[in-house]
Amino acid sequence: RGGMGRVYEARNDAIGKRVALKTLHPEVAKNREAAARFQREAQAASAVESPHIVEIFDAGFADDGTPFIVMELMRGESLAAHIKRVGPLSFDETTRIVRQLLRGLAKAHDAGIVHRDLKPDNVFLVDREDDPNFVKILDFGISKVQRELDTPTTTLTREGAILGTPCYMSPEQSQGFADVDHRTDLWSVGAIVHECLTGRPPFAGTTYGQIVVQ
């Protein structure tokens, strides 16, 4: 569970497949913008065809109105947890992880989607028999869609609104510019590379202002 919702391990009764079921907390679901971003997460991830993007199977609303997303169930750990557990990564391991991350990101950008919240917590390392530490990109909840999806509104962000995680945001994103594009994600990847190799993010501070100044 987190501040916005919960993720359950569930089973599709029709075929017996194990899946992950993500839901919003009821109090959060009452917020129209939060609910819209939750729906955007499903739409954006589904619009990208890449093995390095978390696969979405379904989305909708429960009988009580709670929005949900059904996605693939993954075994492994986030890149953040991996770095915390083993410390700084080798150059070879970092390169292997980042190459996969960039492959998935390139597909998202080709589909006109800017993630805007890339960070080690949103990079998941799947433990697969044939390929340990297979990268999956998670959480497209604050993504920016530069092309039309199924809804007429392509952005949920007001000009001047600041969304993202300070340590990994590009300068233009941290200032709330409305015209951020795929380059803001590449900045975030650079910050992730720094953390992989050193064990810490490139910027640190106790306040948002301190980090932005750096």
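Student: What makes D13 and R11 a salt bridge?

Tutor: In this predicted model, local features need pLDDT of at least 70 and side-chain atom pairs count only at pLDDT 80 or more, while totals for chains, interfaces and linings use all residues. Residues are numbered from 1 along each chain as its sequence is written, and side-chain values use heavy atoms, with hydrogens and water left out. A salt bridge requires a side-chain nitrogen of Lys or Arg within 4 Å of a carboxyl oxygen of Asp or Glu. The closest N and O atoms of D13 and R11 are 3.3 Å apart, so the pair meets this rule.

Student: Why is D13 called exposed?

Tutor: Buried means under 20% relative accessible area, exposed means over 50%, and partly exposed lies in between (1.4 Å probe, protein chains only). D13 has 64% relative accessibility and therefore counts as exposed. R11, at 47%, counts as partly exposed.

Student: Which salt bridge has two buried partners?

Tutor: K119 and D117 form a salt bridge, with their closest N and O atoms 3.9 Å apart. Both K119 and D117 are buried. By this rule the count comes to 7 salt bridges.

Student: Why is C196 called buried?

Tutor: C196 has a relative accessible area of 0%, and is therefore buried. C167 is buried as well, because its value is 16%. The structure holds 0 disulfides, a disulfide being a pair of cysteine sulfur atoms within 2.5 Å.

Student: What makes a set of residues a nonpolar core?

Tutor: The set must consist of buried Ala, Val, Leu, Ile, Met, Phe, Trp, Tyr and Cys residues joined through side-chain atoms within 4.5 Å. The largest such core has 37 residues, of which L79, L101, L118, F140 and I192 touch the most other members. A second, separate core of 5 residues includes C167, A191, F203 and I211.

Student: Which residues is L101 in contact with, leaving aside its neighbours within four places in sequence?

Tutor: L101 is in contact with L118, V123, V135, I137, V189 and I192, where contact means heavy atoms within 4.5 Å.
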